[in-house]
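This briefing concerns the overall fold and the backbone geometry of the structure shown here.

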Amino acid sequence: MILFDSHFHLYDEKYGNEQDEIIKNAHDNGVKYMVNIGLDEDTSKTVIEQANKYEGLYCAIGMYPEYCNDDEIDLTYIERLYNDNKNVVVALGEIGLDYHGEDVNKENQKKHFIEQIEIANKLELPICIHNRDADMDMLEILKIHKVNNGFVMHCFSSSLEIAKEIIKLGGYISIAGPVTFKNARGLIDVAKYVPLEKILVETDAPYLCPEPLRGRRNEPANVRFTAQKIADIKEMSLEEFSQITTKNALEFYKIKKDEA
Ligand SMILES: [Zn+2]
């Protein structure tokens, strides 16, 4: 069985210096591929270094919405880093809109999100989207500013209606640990609905550890619990579901099997 964790953060301080163990544990649990997601210039550099070091590890670079509240921000590093590291950078991300919390500047977030869509189109990369409390603005942007090389709604947490809109726009939906939680009704309906060719799985580790380990530090090895839960919802075997989602992720990120 081969699993693909489509989104996590290996550089998070919760991992201390245990990166070797985290990757080994992933491999030992059938997680052959992982995408390590940057949040700003520094973490984008780190995910590239880590992807160059570990087998099966790829990365996404970009500027997280929380860092896009200012009018002027420097996004020039994205193209620069990509051009020097095309072997490991497989997407722009995570980028998007986050209207949760204080000091949110919606206009600036939208502006810098659109700028990054344009960079992704120029570099011919897909996009990993973070969307929190911003469904309507997100849909409007995705309808007007065409993403040319695919996008995924990471850690999907919106309603079934929004999921339908995303699928209509050609997007992928990635489901994380919360689908295993007791109060997951809405997300279970989403998982049931999403067509098999548009579904990805992820951990968003070190956060959102799935049941039965909820509350602990999460890691890619645990993506199997989430995959098992969705396989049950889809009434198929874990083996079959893993095969489909791994194929989807390889296609989405344009990773050739013989590269890994
Ligand atoms: Zn994330």
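The place of Glu 94 is in strand S4 (residues 89–98), and a cis peptide bond links Gly 93 to Glu 94, with omega about -5°. The model is predicted: local features need pLDDT of at least 70, side-chain atom pairs count only at pLDDT 80 or more, and totals for chains, interfaces and linings use all residues. Residues are numbered from 1 along each chain as its sequence is written.

**Overall fold**
- The protein chain has 9 helices and 8 strands, which are DSSP runs numbered from the N terminus (helices: H or I, at least four residues; strands: E, at least two).
- The C-alpha atoms fill a box of roughly 45 × 40 × 35 Å along the principal axes.
- Of the 260 residues, 47% count as buried (20 or more other C-beta atoms within 10 Å of the residue's own, with C-beta atoms placed from the backbone; exposed means 12 or fewer, and partly exposed lies in between).

- Ala 205 and Pro 206 are joined by a cis peptide bond with omega about 10°.
- Pro 206 lies in the loop between strand S8 (199–201) and helix H8 (223–233).

**Positive phi outside glycine**
- Glu 124, in the loop between helix H4 (106–123) and strand S5 (127–132), has a positive phi near 60°; this residue is exposed, with 9 other C-beta atoms within 10 Å.
- Lys 254, in the segment after helix H9 (238–252), has a positive phi of about 55°; this residue is partly exposed, with 14 other C-beta atoms within 10 Å.
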